[in-house]
Amino acid sequence: MTLVLEQLLNGVQLGVMLFMLAAGLTLIFGIMGVINLAHGSLFMVGAYAAAVTAAQTGSFLLALVAGLAAAGVLGMVIEFVVLRRLYARDHLDQVLATFGLILFFNQSIILIFGRQPMFVNIPPAFQGAVELLPGVPYPIYRLVIIAVGILVALGLWVLITRTRIGMLVRAGATNREMVRALGVDIRLLYTVVFGLGALLAGLAGIMAGPLTSVQVGMGEQILILTFVVVVIGGIGSVRGAVFGALLVGVVDTMLRAFLPGFLRTMMAGSEADALGAGLSSMGVYLLMALVLLLRPKGLFPAHG
Amino acid sequence: MTTKTLIRSLAMAAALAAAPAMAQTPVKIGLVTTLSGPGGYIGADIRDGFQIAIDMEGGRLGGIPVQLLVEDDGFNPGKGKQVVEKFLKTERIKLVTGIVFSNIAGAAVPDVLDEGAIYVSPNAGPSNFAGKECHKNYFVVSWQNDSLHESAGKAVQDLGYKRAFILAPNYQAGRDALTGFKRFFKGEIAGEVYTRLDQTDYAAEMAQIRAANPDVVFQFHPGGLGITFLRQYQQAGLAGAIPMVVAAPSMDLTTMNSVGDSAVGVRLTSHWFHDFDNPTSKKFVEEFQKKFNRLPTFYASQSFDTALAIGAALKGTNGNVNNTDAFRTAMLKAEFQSVRGPFRFGPNQHPIQDWWAGEIVRGPDGKPMMKSGARVMSNHGDAYAADCKL
């Protein structure tokens with residue numbers, strides 16, 4: 001039972017990480033109509049900027065600032081230099097351009113930092129573990145990630161439902177042309193939304209750094225899951241991103257943790273292992289297919 | 001780096017050619033290895049280990065002048081095949097070595113053998129080339145893949161652990177690792193988990209390990225995967241609680257330095273440690289450190305041994321690599337002093353050697369340090385030799 005609880009927390013923590021990426025991706029996709037494959041690169045750049053700063057200064061706070069700044073600024077530069085020229089084009093052109101950006105950023109990182117992965121230490125304040133229940137120690141840092149994710153979700157909720165810019169974002173997600181027709185400076189809105197998305201991706205990268213290794217290609221690994229989250233949650237919907245991310249995080253972790261053991265009770269060891277490993281890596285995609293079958297626009301569609 | 005070595009080899013070749021006393025043209029040796037990607041440091045050590053052997057003899061191996069050509073396979077089997085093709089067809093090389101990864105060896109080695117050339121492996125020893133498909137021109141100086149993990153299984157057995165939790169990535173080498181481990185560990189398997197090869201977060205596995213509460217954890221996660229695994233093992237608070245035993249590739253000196261304190265207390269098995277007290281090994285470590293300003297990993301030692309083995313065969317044939325049968329006879333005698341101590345080839349031309357325990361301890365400077373221990377296995381061959389009919 002305690003194991004289930006611990007795995008549930010692991011699932012939520014993965015979900016929170018996915019949410020920070022998916023929120024930006026879904027807003028960019030929903031409002032600007034752009035498929036941004038380079039979202040994972042912003043995740044990577046945030047992680048690298050934080051890792052380098054942490055290594056140089058030893059301060060996690062400075063690393064946080066540097067990572068956020070690098071990802072946010074880079075996001076706005078990408079929007080201004082590359083994407084602005086592509087809004088009128090079809091999705092294929094955007095996919096090509098942003099895929100090119102992935103290659104560009106990966107090679108740049110290799111040139112600057114080399115291929116060896118970098119490692120970031122967990123900030124001293126968050127090291128160690130707390131006993132949530134007797135006999136179930138849980139790393140403090142992972143709890144911090146969950147807390148940061150909840151704060152980000154609340155912040156986004158306030159931003160989107162309570163502020164003027166949020167109103168424009170909602171309007172943009174529902175009907176882009178109408179917002180433009182009403183005289184809103186849509187170009188500025190686009191840059192802001194893209195910058196915000198990049199900021200969140202960078203934040204996710206910074207948080208992921210101390211858990212995993214900071215390396216080239218780290219963004220692409222998680223980007224695929226992020227797209228699954230966006231599709232499940234409904235394109236353009238931040239609420240969908242919250243629930244989609246939690247669902248994907250928990251389902252993925254639970255399948256990985258319990259499916260092989262469950263199968264082993266029913267069939268021979270080696271077959272159960274092979275099937276379990278296969279099914280658990282397929283699990284979230286099966287989930288996506290199921291959601292698409294029942295609700296083709298995702299769980300919380302943004303467009304009416 | 002590649003170009004530098006190439007230029008160095010060329011300069012050396014030029015110097016040799018300029019010396020009028022040497023009438024013999026140098027024997028060309030092609031070294032194709034992985035110099036890029038997360039495993040790039042392994043290829044660099046294999047290249048440098050081989051080069052040291054040549055340098056120590058002043059540009060010769062076994063008294064025969066040699067010319068080393070180094071190429072990167074880019075961690076890509078297709079690229080590896082191309083490089084080998086170039087070595088064989090354009091450079092007319094008869095002696096190839098260097099491959100790190102079994103999947104690249106699987107693609108490139110058959111090309112070498114089909115061409116009637118000789119391949120001497122300084123690292124990868126996949127099971128399919130060790131059994132039925134063994135070949136008279138294929139030699140392995142390092143180990144057969146399984147024996148790495150068999151020695152770890154034996155070590156865990158000898159340490160008296162009863163319940164082991166074992167993990168490896170879900171691919172051929174990972175499954176071989178767990179098979180090899182279980183061949184010699186006779187206790188109970190408390191849990192057997194296959195991770196994903198692209199996995200970066202092992203939180204779910206850590207929770208499973210804690211819940212299973214085994215006596216010991218055995219894991220095979222080479223390179224970057226292992227570094228992440230060990231760090232999270234410590235973050236989950238398991239590092240002090242449940243001992244870990246691994247095989248050499250999951251804990252080389254580079255891994256140890258990357259994970260720092262998380263490595264302390266980890267036990268491992270290997271066929272060579274840099275603190276071995278025999279003259280060849282001491283000389284090798286000293287020369288390597290002097291030239292490259294770092295300690296050699298066991299990969300470098302294997303490559304050094306490979307160069308010595310080739311040197312012995314060159315000496316026996318007076319540098320004639322075209323008569324492969326004579327070369328093979330000379331090679332199989334293994335008339336060289338290995339850095340590991342006793343070394344000989346088994347019937348499938350894979351090593352028969354001793355395996356040793358080791359441990360990561362805190363050194364006098366407070367940093368983690370690798371220390372060799374007792375012998376785990378003597379004259380150990382591999383499980384596939386019986387299927388090889390040569």
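Reader: Which hand does the crossing of helix 2 and helix 8 of chain A have, right or left?
Author: The crossing of helix 2 of chain A and helix 8 of chain A is right-handed. A crossing counts as right-handed if the near helix is turned clockwise from the far one by less than a right angle, and as left-handed if anticlockwise. Helices here are DSSP runs of H or I with at least four residues, strands are runs of E with at least two, and both are numbered from the N terminus.

Reader: Where do these numbers come from?
Author: This is a predicted model, in which local features need pLDDT of at least 70, side-chain atom pairs count only at pLDDT 80 or more, and totals for chains, interfaces and linings use all residues. Residues are numbered from 1 along each chain as its sequence is written, while chains are lettered from A and ligands numbered from 1 in the order in which they are written.

Reader: At what angle do helix 2 and helix 8 of chain A pack?
Author: Helix 2 (residues 39-57) and helix 8 (residues 186-208) of chain A pack at about 50°, and their axes are 7 Å apart. Axes are lines fitted to C-alpha atoms, for helices over the stretch in contact, and angles run from 0 to 180 degrees between N-to-C directions. That angle makes helix 2 of chain A oblique to helix 8 of chain A. Under 35 degrees counts as roughly parallel, over 145 as roughly antiparallel, 65 to 115 as roughly perpendicular, and the rest as oblique.

Reader: Which residues of helix 2 and helix 8 of chain A meet?
Author: On helix 2 of chain A they include A:Leu42, A:Phe43 and A:Ala50, and on helix 8 of chain A they include A:Ala198, A:Leu203 and A:Ile206. Contact is called when C-beta atoms, placed from the backbone, lie within 7 Å. The residues of this contact divide into twelve nonpolar, four polar and no charged. Nonpolar covers Ala, Val, Leu, Ile, Met, Phe, Trp, Tyr, Cys and Pro, charged covers Asp, Glu, Lys and Arg, and the others, Gly among them, are polar.

Reader: And helix 3 of chain A, at what angle does it cross helix 2?
Author: The axes of helix 2 and helix 3 (residues 60-81) of chain A cross at roughly 150° and come within 7 Å. This crossing is right-handed. Its residues divide into 14 nonpolar, five polar and no charged.

Reader: Switching to chain B. How many residues does chain B put into the contact with chain A?
Author: Chain B gives 25 residues and chain A gives 27. On chain B, strand 8 (188-195), helix 7 (203-212) and helix 8 (224-235) each supply at least two residues. The largest share, six residues, comes from helix 8 of chain B.

Reader: Is B:His221 in a helix or a loop?
Author: B:His221 sits in the loop between strand 9 (216-219) and helix 8 of chain B. B:His221 counts as buried because it has 25 C-beta neighbours inside 10 Å. Leaving aside residues up to four places away in sequence, B:His221 touches B:Pro169, B:Gly226, B:Phe229 and B:Ser250.

Reader: Why is strand 3 of chain B called largely enclosed?
Author: Nine of the nine residues of strand 3 (residues 64-72) of chain B are buried, so the rest of the structure largely encloses it. In a regular strand, side chains alternate between the two faces of the sheet. Both faces of strand 3 of chain B are covered, with B:Val66 and B:Leu68 among the buried residues on one side and B:Gln67 and B:Leu69 among those on the other.

Reader: Which way does strand 1 of chain B pair with strand 3, parallel or antiparallel?
Author: Strand 1 (residues 27-33) and strand 3 of chain B pair in the parallel sense over seven bridges. Pairing requires at least two DSSP bridges between the strands. B:Lys28 has B:Gln67 as its bridge partner, and B:Val27 has B:Val66. Strand 2 (residues 60-61) of chain B runs antiparallel to strand 3 of chain B, joined by two bridges.

Methods: Two residues are in contact if their C-beta atoms, placed from the backbone, lie within 7 Å. A residue is buried if 20 or more other C-beta atoms lie within 10 Å of its own, exposed if 12 or fewer, and partly exposed in between; C-beta atoms are placed from the backbone.
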